[in-house]
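User: I would like to learn how to read a protein model, one feature at a time. Please give the general idea, then the case here.

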Amino acid sequence: MLEIKNLKTSINNKAILKGLNLTIKPGELHAIMGPNGSGKSTLANVLSGKTGYEISGELNFEGKNLKEISVEKRAQKGIFLAFQYPLEIPGVNTNNFLKTSLNSVRKARGEKEIDTLAFLKLVKEKTSELGIDEKILSRQLNVGFSGGEKKKNEILQMKILNPDLSILDETDSGLDIDALKIIAKGVNSSRSKNKSFLVITHYQRLLDYIKPDFVHVLSDGKIVRTGCSELAEELEKTGYQTIN
Amino acid sequence: MKQEELKKSKEYKYGFITDIESVKAPKGLNEEVIRFISNIKKEPNWMLEWRLKAYNRLKNIKEPNWQKPKYPKINYQDLYYYSAPKSAQDKPKNLDEVDPKLLETYKKLGIPLKEQEKLVGVAVDAVFDSVSVATTFKDKLTEKGIIFCPISEAIQKHPELVKKYLGSVIPITDHYFATLNSAVFTDGSFVYIPEGVRCPMELSTYFRINASETGQFERTLIIADKGSYVSYLEGCTAPMRDENQLHAANVELIALDDAEIKYSTVQNWYPGDKDGKGGIYNFVTKRGACRGKNSKISWTQVETGSAITWKYPSCILQGDNSVGEFYSIAITNNHQKADTGTKMIHLGKNTKSKIISKGISAGYADNTYRGLVDISKKASNARNYTQCDSLLMGNECGAHTVPYIKNKNSSSIVEHEATTSKINEEQLYYCNQRGLNQEEAVGLIVNGFCKEVLQQLPMEFAVEAQKLVGISLEGSVG
């Protein structure tokens with residue numbers, strides 16, 4: 001599904017990723033952990049296609065060279081990024097935003113646009129499945145949302161867009177235990193043999209609820225260790241310092 | 001169509017020219033031309049006198065020059081002041097008699113007059129260059145005693161109303177362009193809503209400039225008698241021409257006791273090309289008088305067209321407890337310039353006004369909000385709230401806010417809020433990541449920015465206006 005070979009990125013001549021290799025197969029869930037400033041968010045941004053980075057190395061998604069594909073085309077092809085800091089867009093109704101988004105993804109897939117009734121039904125189904133209050137959808141997009149509401153909204157969008165590869169950029173940061181469970185539920189209920197996940201996190205806590213197939217440790221722009229979920233538990237005890 | 005034309009027509013889809021034979025007044029501005037206009041409209045003598053009075057005044061005054069957008073000197077002797085399709089000379093009595101070419105033109109503009117007559121919802125007066133070519137739904141409105149007709153017809157059929165109210169809000173001595181309009185105005189709409197009547201449908205006028213080297217000087221007069229209500233909408237388009245064309249309209253509103261007028265404008269005159277060549281000079285005077293107690297006038301404008309927009313739809317709040325509102329979206333792209341805002345003149349007690357202005361600049365455009373809140377000595381407990389938000393796209397455009405506040409009454413409350421922001425790259429990235437392309441993302445963010453104003457538009461036009469907002473900014477982000 002996703003193949004990253006010797007990925008190097010820099011921004012304003014400052015090297016961030018320094019030769020990263022990672023392969024994610026369909027159905028797999030990979031967790032990436034690492035200290036602040038190790039390049040975790042950069043990886044998420046580069047995968048989503050954010051501009052402003054200088055990139056070398058290979059980036060392939062479902063057999064296509066991602067480097068030649070724009071942000072929106074990547075999204076349409078099934079890459080979803082749950083933002084660490086979801087953006088507020090005043091005056092834009094959340095429901096309306098989500099519907100516009102879903103329809104552009106559907107259009108790209110060659111599917112018919114969804115009508116309002118079918119959309120509302122889908123939203124109802126997903127919100128009740130996750131235990132999210134439907135009311136947030138009638139508010140302006142992320143405006144005045146609490147930190148937890150913003151993150152839940154990201155996961156709801158993920159559920160509705162149903163992407164092939166979901167990247168969660170520190171979605172668990174700053175969440176209370178109930179919100180954390182909702183996030184985990186969103187991920188776990190989406191897992192299937194052809195959906196893949198890349199979960200970026202600081203803490204092992206989330207991984208109590210989401211069982212990763214692989215855990216990678218990112219340090220100074222490179223993956224320095226790869227293991228199973230036990231690696232996360234070990235890190236929780238010893239910290240990152242012992243890794244290098 | 002040649003590639004070039006095709007490209008142009010995508011940028012401004014109303015830019016076509018209707019090939020139609022027209023009757024014109026001789027070029028130039030003089031007493032003869034004014035007599036010609038008055039004569040061709042079969043006006044009574046008092047109307048001609050009124051026009052000549054304005055013309056004599058005009059000779060002694062100069063164009064105002066305090067506005068921000070500067071424009072090359074206009075040669076008033078090099079313009080036509082009257083142009084009408086030949087076929088409209090003998091006023092058609094109903095739609096079946098209207099020249100098919102004209103009906104076709106309005107159809108192309110998205111106003112199918114013939115179909116519209118059969119659909120319930122909006123009554124339309126269609127003004128083509130200097131004449132009104134058709135008014136729909138007349139019978140239904142007449143039943144309620146509502147008068148909705150071209151102003152040239154009102155001058156003949158309802159002289160008592162016209163005499164009483166014309167020029168009562170915008171005096172013929174007001175300023176250069178208002179005076180010019182008073183001397184040479186050609187057509188426009190007239191509305192009278194009788195006492196206690198709630199107009200059952202939206203009234204709408206659609207203005208179209210077609211002829212070249214022609215100024216359009218329309219005049220609209222709306223009177224809402226005691227306890228009545230009307231919602232009125234105007235739309236405007238013009239062909240793409242390399243020359244600048246002058247449009248100097250006057251709009252007067254009068255609301256008597258407990259009456260309410262809601263006036264919405266979707267202005268989409270030709271803005272000129274990418275390099276700023278051509279386009280309409282939209283120099284318009286719009287003013288409403290809340291003459292009666294508890295009356296209300298609400299202006300909503302979506303200004304996306306014209307090379308230069310220069311207008312301040314205002315409210316004179318004479319009646320006690322009267323309310324004035326101004327909701328505005330002004331979008332300028334490429335080399336467009338806008339200097340627009342409102343004047344809220346508080347004269348009565350407990351008068352209230354609200355101003356919500358959203359200015360968006362892209363390309364090399366320049367956008368100014370200019371407003372006056374004037375609270376007189378007698379206006380006890382007057383209240384004003386003003387909010388001006390500007391959104392910038394790119395590094396070459398400008399946004400300016402020039403609010404004037406004159407307050408002579410210490411019991412009043414005046415509030416002013418203003419923000420200026422740039423369209424946020426992170427917001428765009430967020431939208432892109434959800435599969436929206438750049439144009440869709442910009443449209444979404446800008447529509448969100450304008451939402452408070454768009455909500456004020458009548459339902460039928462809100463969707464259209466939303467689309468227009470997106471189209472006007474097409475190509476403004478790289």
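This is a predicted model: local features need pLDDT of at least 70, side-chain atom pairs count only at pLDDT 80 or more; totals for chains, interfaces and linings use all residues.

User: How many helices and strands are in the secondary structure of chain A?

Analyst: Helices (H or I, at least four residues) and strands (E, at least two) are DSSP runs, numbered from the N terminus. Chain A has 7 helices and 10 strands. Its radius of gyration is 18 Å, close to the 18 Å from the globule rule for 244 residues, so chain A is as compact as a globular protein of that length. That radius is taken over C-alpha atoms, and the rule is 2.2 Å times the number of residues to the power 0.38. The C-alpha trace of chain A spans about 55 × 40 × 35 Å along its principal axes.

User: What share of the residues of chain A count as buried?

Analyst: A residue is buried if 20 or more other C-beta atoms lie within 10 Å of its own, exposed if 12 or fewer, and partly exposed in between, with C-beta atoms placed from the backbone. In chain A, 41% of the 244 residues count as buried.

User: How do I read a sheet?

Analyst: Strands of a sheet pair through backbone hydrogen bonds, either parallel or antiparallel. Two strands are taken to pair if DSSP finds at least two bridges between them. Chain A has an open sheet of 4 strands in the order E2-E1-E4-E5, with antiparallel pairing. Strand E2 (14–24) and strand E5 (64–65) of chain A each have a single partner strand, so one side of each is left without a neighbour in the sheet. Strand E1 (residues 2–11) of chain A is joined to E2(A) by 8 antiparallel bridges. One bridge pairs A:Lys8 with A:Lys18 in E2(A).

User: What is the strand order in the open sheet of 6 strands?

Analyst: The order is E6-E7-E8-E3-E9-E10 in chain A, and the pairing is mixed. E6 and strand E10 (222–227) of chain A are the edge strands, each pairing on one side only. From one strand to the next the twist averages 20°. Within this sheet, E7(A) and strand E8 (residues 196–201) of chain A pair in the parallel sense over 5 bridges, and A:Leu168 stands opposite A:Val199 in E8(A).

User: Is helix H5 of chain A mostly covered or mostly uncovered?

Analyst: An α-helix has 3.6 residues a turn, so residues three or four places apart point the same way. H5(A) is mostly covered, with 12 of its 15 residues buried. Among those buried are A:Ile155, A:Leu156 and A:Met158. The elements that cover them include helix H3 (94–108), helix H4 (116–130) and helix H6 (177–190) of chain A. The expected span of a helix is 1.5 Å times one less than its number of residues. For H5 (residues 147–161) of chain A this gives 21 Å, and its end C-alpha atoms are 21 Å apart, which agrees. Just after H5(A), A:Asn162 takes a positive phi of about 50°.

User: How many residues from each chain take part in the contact?

Analyst: Two residues are in contact if their C-beta atoms, placed from the backbone, lie within 7 Å. The contact takes 16 residues from chain B and 20 residues from chain A. On the side of chain B, helix H10 (425–433) and helix H11 (438–449) of chain B give two or more residues. H10(B) gives the most, with 6 residues.

User: How many helices and strands are in chain B, and where is a strand that is enclosed by the rest of the structure?

Analyst: Chain B holds 13 helices and 23 strands, and 55% of its 478 residues are buried. Strand E13 (residues 279–290) of chain B has 12 of its 12 residues buried, so E13(B) is largely enclosed by the rest of the structure. Strand E11 (residues 250–255) of chain B runs parallel to E13(B), joined by 6 bridges, and B:Leu253 stands opposite B:Gly288 in E13(B). Strand E15 (residues 308–311) of chain B is joined to E13(B) by 4 parallel bridges.

User: Is B:Lys70 buried or exposed?

Analyst: B:Lys70 is exposed, with 8 other C-beta atoms within 10 Å. B:Lys70 sits in the loop between helix H3 (45–58) and strand E2 (83–85) of chain B.

Key: Residues are numbered from 1 along each chain as its sequence is written. Chains are lettered from A and ligands numbered from 1 in the order in which they are written. Axes are lines fitted to C-alpha atoms, for helices over the stretch in contact, and angles run from 0 to 180 degrees between N-to-C directions.
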